[in-house]
Structure formats: C-alpha cells, structure tokens
Amino acid sequence: MMFIILLSCFMVIGRSESSQLSVPTRFNPFDDSVLYEVVWPGSSFNKDENVNSIIVHTNNDESYDCVIPSDISEMINEDDLLLNEDISPSQLLDDVFLSNDCVYLVEGYWNYELCHGLHIRQFHEDRSEDGKVIKTLEYMLGKGDDNIPHKPSNEESPPQWQYNGKDYPYYEVLFSNGAPCDIRDNVGRSARILYICDKDHGKIPSLVMVKESRTCEYEAIVVTSQLCHNKLYWTKSKPVYNIQCFSMNNSPREPRDYELFINDILNEEIVDEELDNTSPLPQTTPSSATVDESFVKGFLNTDFCLHGKSSGWWQHELCFGDHIKQVHLERGVMKQKIFLGIWDEEEHKKWFIKAGKSKQSSSHVTHLYVDGDLCDVTQQPRKSRVKFRCIPGGKSSQVSLYLEETTPCNYSMTIEAGFVCVLLETVDEYGLFHFTS
C-alpha cells in the first residue's frame, strides 16, 4: 500500500519513466493483500543487472531509482515454514485442565469465573459498606463433562477466531448443561471456551472476553502461553516488503515534497477519526436546528419507530409513546422479541415528580417505560429509561440510538438527534413533549 502512496505522490508532484520498469509476474502494486514500505537509503547503490527498478523524477528535478522486491513467492516468512511440532494442543493444556484453577473477568455489572475443565459462571455480588457479600446473583453458563470430548480440530489447520481484522488459531473446549434459559424453553445454557496463543503472556492463563454469541450460548476467550509451543497456534502476521528508492544526480535522500505529501495524508486521517468520534455538525443554538416537521410528527405519532444497530444477537427498537423492545432477526424475519418497557403516561408522571430536575435540562429529558416482559432474574417486569439528548444543528433524520442494561432487566436508552433540540422547547412540567408546527 505504501508503494501506491508513493506512486500517487509522484503522479501528483512529478512524473515516472514507466519504460524503465521491468517487474516480476507476481508483483501487483494494487494488491492490498501484499504490504510494502518505501525506504530512502540515500545515494549508495551498486545496481545489479537482474534487479527490477523504476526511475522516477519529480517536478523539482529530483531523480530516484526505486528497486522493486523480487518475486514475493521467494520471500518466505518464518511463520509460514512447514512445522514439525508433535505436541498436540490438548497435551500442552493438560496442566491447565488438571489444575482446576479459576480465572476471573470483571465487566461492568457482571463478573465471570472460568474454572478450567469444570465450569464457567456469570455472577454479581452486592456488598455492604465493610465489603462483605450480602447477596449473590449467578448463572451457570456451562459445565465440563467428561462424556463430551473437546471439539476435534484438524491439527494441520486449527480453526481461527477473528478479532480486529486478525485471525487467531484456537483450541476449543465445549461446556454444556448450564442454567435453564427461559427464552429457549428452559434449554440449558452452553459455552465455547476458545484458548489462543499469546507468546508474551505469563504461565497463568487469562480470561479476556466473554460474549453471548446467540441467546444463552456464550463464547469465552482465554489467552495462554502454553499453546504457543505448537507453532500451528501462532498468530500469523503478513510480511512487509521494502521498496528501496535510491537518490540520483545529487538529489536529496527524500523528495522535498514527499514529507509534506505524507503529512497531509496523516492529517486527513486524524481529522476523519475526529469526525467519526464527534458530531460533525456546527454548534448552533437549539432553536436553529434543522427540523423536518413531517419527520417529527411521524415520530411523535408512532408512524415509524427508531431502530438501533445490531449488537450481537439483538437489535432494539423504540416506538415513541408505545414501547421499547429488543428483537432477533434471521434473514429479515423476527424470530424472538422481548419487550423492555411499555409507555404509561401516568406511571411516568409519578416517577418524574419523584426524580426531580435531574431528569430534565436544556439539553436533555428522560422518559420512563414500564411493565415490560417478566425478568427471570428479578421476577419483576422489565423497565427502561429513555434519555432524549439535543444535538445542536442536527438534521431530523440524523439519529443516534444506544442501549445498555445498567442492572438486570433495567435498561437505559439514549436518543441523540437535532430534532430533540426543538422538542425540548415544548416540554411541560412532566418532561412531556407538546410539539406543534
């Protein structure tokens, strides 16, 4: 990719002599799967007749002889060598499984305990002021069973877990017979424990992630150095090939405009990242927000609902003045739904009076939805708070929606949009909207 940047640079600030280019058949500068880096060694270069290179000139009359790597098929990364390790992953992890040691992960409200070969559980502890546990809420997510063997894997090609664009080979252990799942007709919960290699990790494995891959089915990631003794479980990294550009005819080590060109690219990337993390909208007063009256009326009249982005197994929806629910879709067809709250104006008013001014300001207001589906944890109906937050200057159709479970079966939804700014100017003493055209 850096070679593409280099070519773009010279196309912008100079010209290239393509007639000088003689490239191997495997070389393709527009192949994103092969990584290149441009280096500037200076002027010391004894050219070999068999070297493939291209002469490049800039508008500043600078000249460079850029050497293209040999056929990349001849350049073998150590990680790609044929491996002759005879130790199986189950043998490498024997000490871990036989130890019955437990590792823990703390994530917000829930904690997780994995006892290797025994079980994995999810729990929350309420403690007194002196630190004593006064109440524990827990779910067994899966238990080890000697009758259920570890999931077999092809030793020549272990399965891979994808995370942040990288593939991690893993060894899988299956747990079953966890706590009954009320959503799936009391079928027992189950978990997949994926052990992955981390060469820099200590001897004691660590539980680094637990997620619900689908309803009542879990996936836990454990990193350990034990597995690294088998190179099949090393994380593969793509090699980066150098393109060496040697200065010619008393040209500087690097083109004078090259550094400026690269800095401009990096600055653009930084700006793009900032725009992704902050509102790109101008900071204006709430009354100047762009409002599509038909959009606002449609929202308030429940002509349409707002939908949150998919979060794992669930998607969530708010139908204003009606309900909040989370659903699971398969090929566009709803397979599961759970109501997180139903709108009840009188219940909201009672709550709002007790909650006081903390639920309303010039930039936000919060509504309460109650009497959702029964919670198997608390044996109480689910309920949700919806915070409407003003984004000054935003268009009506630009809406962000977030949902989190703050405590078991108690949810917090945040709606951020420009039209909220105008709605906030119409709220009454109960935080209710009274929008008119």
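Is G308 buried or exposed? G308 is buried, with a relative accessible area of 9%; buried means under 20% relative accessible area, exposed over 50%, and partly exposed in between (1.4 Å probe, protein chains only).

The legends below describe a predicted model, in which local features need pLDDT of at least 70 and side-chain atom pairs count only at pLDDT 80 or more, while totals for chains, interfaces and linings use all residues. Residues are numbered from 1 along each chain as its sequence is written, and side-chain values use heavy atoms, with hydrogens and water left out.

**Figure 1. Overview of the protein.** The protein has seven helices and 24 strands; helices (H or I, at least four residues) and strands (E, at least two) are DSSP runs, numbered from the N terminus. Of its 437 residues, 42% count as buried. Among contacts between residues at least 6 apart in sequence, 61% join residues at least 24 apart, where contact means heavy atoms within 4.5 Å.

**Figure 2. Surroundings of G308.** G308 is found in the loop between β17 (306-307) and β18 (315-319). Leaving aside neighbours within four places in sequence, G308 is in contact with Q315, H316 and L401. G308 and Y402 are 94 residues apart in sequence, yet their C-alpha atoms are 6.6 Å apart in space.

**Figure 3. Helix α5 and what covers it.** In α5 (residues 293-300), the buried residues are F295, V296, G298, F299 and L300. The elements that cover these buried residues include β17, β18, β22 (383-390), β23 (399-407) and α7 (419-424). The helix is followed by T302, whose phi is positive, near 60 degrees.

**Figure 4. The largest nonpolar core.** A nonpolar core is a set of buried Ala, Val, Leu, Ile, Met, Phe, Trp, Tyr and Cys residues joined through side-chain atoms within 4.5 Å. The largest such core has 37 residues, of which L318 and F388 touch the most other members. At least two residues of this core come from each of α5, β20 (333-343), α6 (345-355), β21 (364-370), β22, β24 (410-417) and α7. Helix α7 gives the most, with six residues. A second, separate core has 29 residues, including F97, V103, A191 and Y195.

**Figure 5. The largest pocket.** On a 1 Å grid over the protein atoms alone, a pocket is an open set of points with protein on both sides within 12 Å along at least five of seven lines, and lining residues have an atom within 4 Å of a point. The largest pocket has a volume of about 1,100 Å³; grid points are joined across faces, edges and corners, and a volume is the space filled by probe spheres set on the points. Of the 34 residues that line this pocket, W110, Q122, E212, W314 and E405 are the closest to its centre. Strands β6 (110-115), β14 (206-214), β18 and β23 each supply at least two lining residues, and β23 has the largest share, with five. By class, the lining has 16 nonpolar, nine polar and nine charged residues. Here Ala, Val, Leu, Ile, Met, Phe, Trp, Tyr, Cys and Pro count as nonpolar, Asp, Glu, Lys and Arg as charged, and the others, Gly among them, as polar.

**Figure 6. S384 in strand β22.** S384 is found in β22 and counts as buried, at 0% relative accessibility. The side chain of S384 reaches the backbone oxygen of L340 at 3.0 Å. Apart from residues up to four places away in sequence, S384 touches I324, L340, G341, H367, L368, Y369 and Y411.

**Figure 7. Helix α6 and its start.** At the start of α6, a side-chain oxygen of D344 reaches to within 3.2 Å of the backbone nitrogen of E346. The buried residues of α6 are H348, K349, W351 and F352.

**Figure 8. Two loop residues with positive phi.** N249 is found in the loop between β16 (240-248) and α4 (256-277). Its phi is near 55 degrees, a positive value in a residue other than glycine, and N249 is exposed, with a relative accessible area of 62%. Q379 is placed in the loop between β21 and β22. The phi of Q379 is positive, near 60 degrees, and Q379 is partly exposed, with a relative accessible area of 48%.

Conventions:
1 Å grid on protein atoms, 1.4 Å probe; cavity = no way out; pocket = protein on both sides within 12 Å on 5 of 7 lines; lining within 4 Å. Polar contact = N/O pair within 3.5 Å; in protein donor to acceptor, adjacent residues only side chain to side chain.
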